[in-house]
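Q: Hi! I'm new to this one and would like a friendly walk through it. Could you show it to me?

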Amino acid sequence: MYDCPVCLEPLEPDTGGLITVSGVTQDRPENWVFGPFPVHDEPCRDRLADPRFSLLVGTDGYEKTSTRLHANALSTQELLAHWAKIMNTSYVSRYSVQYWSDKISGTDEPNGTEMTPWPEMDEALDLSSAHFTCLGTRSRSREAQAGYDIAVHNAARGRKVAMFAPDLSPRNPVPGLTIDRSRPLTPEYIENTLQKMADRGERAALVIIDRLQVMSRHDDDGPYRVSSPDDIEVVSKELKHIAMTESLGTPPVLLIARLERPRREDHALELDDLGAAAELEYHADLLALADRTGPAEVAVLVAKDRSGPAPRHLTVNW
């Protein structure tokens, strides 16, 4: 019924139909300020942490609280759904944003490359220094929030992440993650913002842009929304420039783009599914498309990869 947000494994009720929920309360056991989240008992219960509230536990009425609730009770479902709504993700899905442990050391990254929350996707997304990577996803799909999931995943491992997402709904603050919702979102604005961060000693180790279809360019009449292939080609060139800029630390840049062509049954993903955004191919170091084919299965097309064979089709667990 539920998945533990720490280990992402299914959480089965005990013989009495009870599950453990855990989080942080203030002043009263029912006044949750972080969580509650359905978790396994040790070690998952102890590893569930939020850097903001973990430091407050034991002061000003803040306590780490765990309790047992009936999994099928309407009150339990309503309680957990309340926080699922606030986090804008599903608490019943193991593929939603992972809540990290404050015990993560940040030393598990191979060769310094940024990883995704989905190990099999690391083969499909090259987020190494100076690389410009594009990921195409379906609008309103689970994969469409991949940018935020990847941002949280890397911030949890001690990296400074800058995310530009005008349409992203309000979220709880995440240490190490800066979310910029400014409009119009132009490459010039992104570069200037990153330079200001670098000048403050807060150089971004990863830049995520969600998404191409909300970006703009400037002309003599002011900003206008990117739409034509020529616009997209210029934007992709400028984003590649950002990724290679020494003063910014040559951060990897991940751009999320929307698949424009409707899904076609019995047809594998094609580059043309990106529509006009297929123009990203020329300047991108890696261009991948993702489309869900099952509850835990995603088809991936790596249409371009400067570091490996392409095109290639993968099926990954996600």
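Predicted model: local features only at pLDDT ≥ 70, side-chain atom pairs only at ≥ 80, totals over all residues.

Q: How many residues of helix α4 are buried?
A: In helix α4 (residues 146-155), 10 of its 10 residues are buried. Among them are Gly147, Ile150 and His153. Helices (H or I, at least four residues) and strands (E, at least two) are DSSP runs, numbered from the N terminus.

Q: What do those buried residues pack against?
A: They pack against β6 (132-137), β7, β8 (177-180), β9 (206-210) and β12 (253-258). Contact means heavy atoms within 4.5 Å.

Q: What's the strand order in the open sheet of 8 strands?
A: The order is β8-β7-β9-β12-β6-β13-β14-β15, and the pairing is mixed. β8 and β15 (312-317) stand at the edges with a single partner strand each, so one side of each has no neighbour in the sheet. Two strands pair if DSSP finds at least two bridges between them.

Q: How much are neighbouring strands turned against each other?
A: On average by 20°, direction ignored. As for the helix, the direction of α4 makes about 165° with that of β7. Axes are lines fitted to C-alpha atoms, for helices over the stretch in contact, and angles run from 0 to 180 degrees between N-to-C directions.

Q: How many bridges join β9 to β12?
A: There are 4 bridges, and the two strands run parallel. Valine 207 stands opposite valine 253 in β12.

Q: New topic: how many aromatic pairs are there?
A: The structure has 2 aromatic pairs. Phenylalanine 164 and tyrosine 189 make an edge-to-face pair, 6.4 Å centre to centre with 85° between the planes. Rings of Phe, Tyr and Trp (its six-membered ring) pair if their centres lie within 6.5 Å; planes under 30 degrees apart count as stacked, over 60 as edge-to-face and the rest as tilted.

Q: Which parts does that pair tie together?
A: Phenylalanine 164 is in strand β7 (residues 161-164) and tyrosine 189 in helix α5 (residues 187-199), so the pair ties together parts 25 residues apart in sequence. Phenylalanine 164 is buried at 1% relative accessibility, while tyrosine 189 is partly exposed at 28%.

Q: What about the open sheet of 3 strands?
A: Its order is β4-β3-β5, with antiparallel pairing. Strand β3 (residues 18-26) pairs with β4 over 5 bridges, and threonine 20 has valine 39 in β4 as its bridge partner.

Q: And overall, how many helices and strands are there?
A: The protein has 6 helices and 15 strands. Of its 318 residues, 50% count as buried.

Methods
Residues numbered from 1 in each chain as written. Heavy atoms only, no water. Buried < 20%, exposed > 50% of the residue type's maximum accessible area, 1.4 Å probe, protein only.
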